There are 2 protein chains.
Amino acid sequence: MDTVRTVVGALPRPGLRERKKQQTRDALVRAALDLIVTRGYDGTTVDDIAAAVDVSQRTFFRYFASKEEVALFVPGLAEQRITEAVRARPRDEAPLEALRRAVLDSWDAIGEAVGRLVPMELHMRVYRVIESTPALLAAHLRRSAELEEELAAIIAAREGVDVDSDPRPRILVAAFGGVIRVAERLWSAGDDLSEEALRELMRTCLDHVGPALAANWRTDASLNRPHET
Amino acid sequence: MDTVRTVVGALPRPGLRERKKQQTRDALVRAALDLIVTRGYDGTTVDDIAAAVDVSQRTFFRYFASKEEVALFVPGLAEQRITEAVRARPRDEAPLEALRRAVLDSWDAIGEAVGRLVPMELHMRVYRVIESTPALLAAHLRRSAELEEELAAIIAAREGVDVDSDPRPRILVAAFGGVIRVAERLWSAGDDLSEEALRELMRTCLDHVGPALAANWRTDASLNRPHET
DNA sequence: GAGGCTAGTGTCAGCCGCTGACACTTGACA
DNA sequence: TGTCAAGTGTCAGCGGCTGACACTAGCCTC
């Protein structure tokens, strides 16, 4: 904690030690995801992962607090980009619109950040495992809840309201998050695991929020359904 | 599986054996919740719970698949009542309204079902532990996701749409579920742990869905805020 | 009411996730 | 070059959870 602090954070010169650390961590992530998509989450032990990178189990746990954490590391990168994107939205945008655009526009940034660490296809396959593995899904949802908390704070600040006395930021984000999760779920259950498919699903899901909350589905149903599937 | 099947399900005569089972299970739940609220979730081992009921650890795991399950057993009862209530709503109600009324109106049924098993206050205190214990919160969220899936199917059936081709049921339920969770969270973080407080929070949160999704908060903000807290 | 049948239980052994303690190695920096 | 701290391996141990197997106790039939 009382370490020598580099001036700008760590950007200027990684340092040999630091580079090695980064390297092992990345290797652990890659090995973990590889094993997980082939043998399944429960079929992969931490010992397997550690052995694949030739470190001890103890070392694994110095990098990741749990087996879940390593599996959700890459999604975590994506979440980071999204919060950044929300923060960067112009303040005159409506809150819901800001969230919407942030998610839809950060695709490239996410792809780049993820691709630097693991092949994109691997990441996609991991999502399927997440959705179909109870323990992993639970952890993912909890993390999503934390993300929502963070987004609520950002939205509140943007709109100049107090996040504790005005429930709207949290409510908006919760509803939004729920919809995003539906898109994730539909995507991981479907056949087309491409990025475009996910992006398109998110777009259509968000388009359906209004109609879904509408008073009566039966009258205006066919009207607000752009195209099926 | 090829057991002798009682005609009506199990209602007519519980049978001595069956009664004993019910009894141990209830005792396990009660002991578990007692321990959990006093020593915390992580501070309570399955051995502790089993010992308190004077059964072996192995037996505990024959009743509950995991430590989480016993902690979330009572919330599970509440969820059951809610799905029943949704199913019972008149079909001419708008979907969102049906969900809303189902939740707000099943309070008595929930109270009765819960009270038969554990003191209401204990149940309330458990909620606080759930929200503040990562592992437990994760499990809770996963179960909520399952509940949402079930509710989506009910809504879809009600509205005569196909849950797999029309995303609206899932989206509606996801948004609704998100809002309910916000209420739960605010409640468990607040001072007033009464049922009325939770109910009131849910009501106001649901009232805020429209405004929260509205285009611009700054113009109509003060307008749609009934009362603070 | 004695018999067999089966559901439920306890015991035991063991895997796996995860942690604290301690000794050792290796990059950093004077 | 020598000192210091950061990072690692080893070991021992706890707690959640499971399969196997033997035992006990309700149930049902004759």
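**The surface near DNA strand D**

Guide: DNA strand D is surrounded by 22 residues, and the closest are A:Lys21, A:Thr59, A:Arg62, B:Arg17 and B:Lys67; a residue is near a strand if one of its heavy atoms lies within 4 Å of it. Of the atoms of DNA strand D that come within 4 Å of the protein, 50% belong to sugar and phosphate. This is a predicted model, in which local features need pLDDT of at least 70 and side-chain atom pairs count only at pLDDT 80 or more, while totals for chains, interfaces and linings use all residues. Residues are numbered from 1 along each chain as its sequence is written, chains are lettered from A and ligands numbered from 1 in the order in which they are written, and side-chain values use heavy atoms, with hydrogens and water left out.

The surface near DNA strand D receives at least two residues from each of α1 (16–39) and α3 (57–63) of chain A and α1 (16–39) and α3 (57–63) of chain B, where helices are DSSP runs (H or I, at least four residues) numbered from the N terminus. The largest share, 4 residues, comes from α3(A).

The side chain of A:Ser56 has an N or O atom 2.9 Å from a phosphate oxygen of DNA strand D.

How values were computed: Polar contact = N/O pair within 3.5 Å; in protein donor to acceptor, adjacent residues only side chain to side chain.
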